[in-house]
Amino acid sequence: MLNRRHIRIKVMQSLYSYFSIETEDLAASQKLMLKHFNEVIELKFVLISLLVELVNYADNFYEQAKKKHFPTSSDLDPNRKFIDNQIIHNIQNNSMLMKEISKYSSFWLNNDHDILNKIFIDVNKSDLYNTYLDSNINNIDYDKKFIVDVMNQYILNHQLVHHMLEERSIYWIDDLPFIATIFFGDIKNDNNIFSKKVFKDLSDKNFALDLFKSVINNNISYDNIIIKFSENWELDRIAKMDQLIIKMAVAEIMTMEALPVKVTLNEYIEISKYYSTKKSRVFINGLLDNFIKTYIKEGKITKVGKGLV
């Protein structure tokens, strides 16, 4: 399930696309946005399939080593701790999950990058991997920690992994940290890894749709707010992404009565750290702060509940 910040980012991506192609078909654009949300969960299964195929590669690697002309004792009796990891076994024993991730196995098996071999070489020679194999600790908590650590350090940061994900979807690199957090949380907390749930509940889905519609339907009035509070900057001098971040914040503040103003402001300042320059972040923060103070003073911001303004 996606948290509100990730929902905001997905809406922002869809709005950027909407305004870039200058379409007027709001219904079709909403449908496309929801499709992009579903692709986020697809990414989770793609990553799980990578983990499973890496284990399969390791298993085959050890079996092939036994067939050497002069195998060593370690070739004949390899340490299978990685292959027998309890988290891996739990995934492999989940027939529904394996059926789902089998749809994406070819993504890692049939490519020109020899990616499984390259990742396994890096993992196999790492201190993390060898410490895990040599350890006498044999419990599920240690297995969980190893899977999370090896994914973080050697798989999710691998340049080829990023390259292949980016070829599949222009949004997946942005989605990767969020999905990794969800996947690791599922592992640590023994959650249902198979879950295809995108939104926690209907209110989160409605939040995404309402935010998307509000920015589009009030685009001109939000342009005027930016012009008013941007200290005489011309609109075309302000980066499109910066405009979008401001408009989304304004939309939440003006149309979502149950959301605290401070929460909205903090969320978009955080988002601007990743999608704007340092100079832009200062500009966005200053403009929104000025807008909020002025509109509160003029009684133009309405919130339901105590302490939300």
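What covers the buried residues of α9?

Analyst: The model is a predicted one, in which local features require a pLDDT of at least 70 and side-chain atom pairs count only at pLDDT 80 or more, whereas totals for chains, interfaces and linings use all residues. Residues are numbered from 1 along each chain as its sequence is written, and side-chain values use heavy atoms, with hydrogens and water left out.

The cover over the buried residues of α9 includes α2 (26–65), α4 (86–92), α7 (115–124), α8 (127–134), α10 (159–168) and α11 (172–188). Helix α9 itself spans residues 140–155, helices being DSSP runs of H or I with at least four residues, numbered from the N terminus. Its buried residues are Tyr142, Asp143, Lys144, Phe146, Ile147, Val148, Asp149, Val150, Met151 and Ile155, where buried means under 20% relative accessible area, exposed over 50% and partly exposed in between (1.4 Å probe, protein chains only).

Among the covering elements, α2 holds Glu42. Setting aside neighbours within four places in sequence, Glu42 is in contact (heavy atoms within 4.5 Å) with Tyr104, Arg168 and Trp172. Asp114 is not a glycine, yet its phi is positive, at about 50°, and with a relative accessible area of 44% it is partly exposed.

Lys213 is placed in helix α12 (residues 202–217). Because its relative accessibility is 30%, Lys213 counts as partly exposed, and, not counting residues up to four places away in sequence, Lys213 touches Leu26 and Gln30. Between Lys213 and Ile115 there are 41 Å in space, C-alpha to C-alpha, and 98 residues in sequence.

Axes here are lines fitted to C-alpha atoms, for helices over the stretch in contact, with angles from 0 to 180 degrees between N-to-C directions. Helix α14 (residues 240–255) packs against α15 at an angle of about 165°, with the axes 9 Å apart, and that makes α14 roughly antiparallel to α15 (angles under 35 degrees count as roughly parallel, over 145 as roughly antiparallel, 65 to 115 as roughly perpendicular and the rest as oblique). Met241, Ile245, Met248, Ala249, Glu252 and Ile253 of α14 make this contact with Val261, Thr264, Tyr268, Ile271, Ser272 and Tyr275 of α15. These residues divide into nine nonpolar, two polar and one charged, where Ala, Val, Leu, Ile, Met, Phe, Trp, Tyr, Cys and Pro count as nonpolar, Asp, Glu, Lys and Arg as charged, and the others, Gly among them, as polar.

Helix α15 (residues 261–275) also packs with helix α16 (residues 278–297), their axes coming within 9 Å and crossing at roughly 165°, so that α15 and α16 are likewise roughly antiparallel to each other. Here Val261, Leu265, Ile269, Ser272 and Lys273 in α15 meet Arg281, Ile284, Asn285, Leu288 and Ile292 in α16, a contact with six nonpolar, two polar and two charged residues.

With helix α1 (residues 4–21), the axis of α15 comes within 11 Å and crosses at roughly 60°, and α1 and α15 are therefore oblique to each other. Arg5, Arg8, Ile9, Met12 and Gln13 of α1 make the contact with Glu267, Tyr268, Glu270, Ile271 and Tyr275 of α15, and the residues of this contact comprise five nonpolar, one polar and four charged.

Notes:
Helix = DSSP H or I, 4+ residues; strand = E, 2+ residues; numbered from the N terminus.
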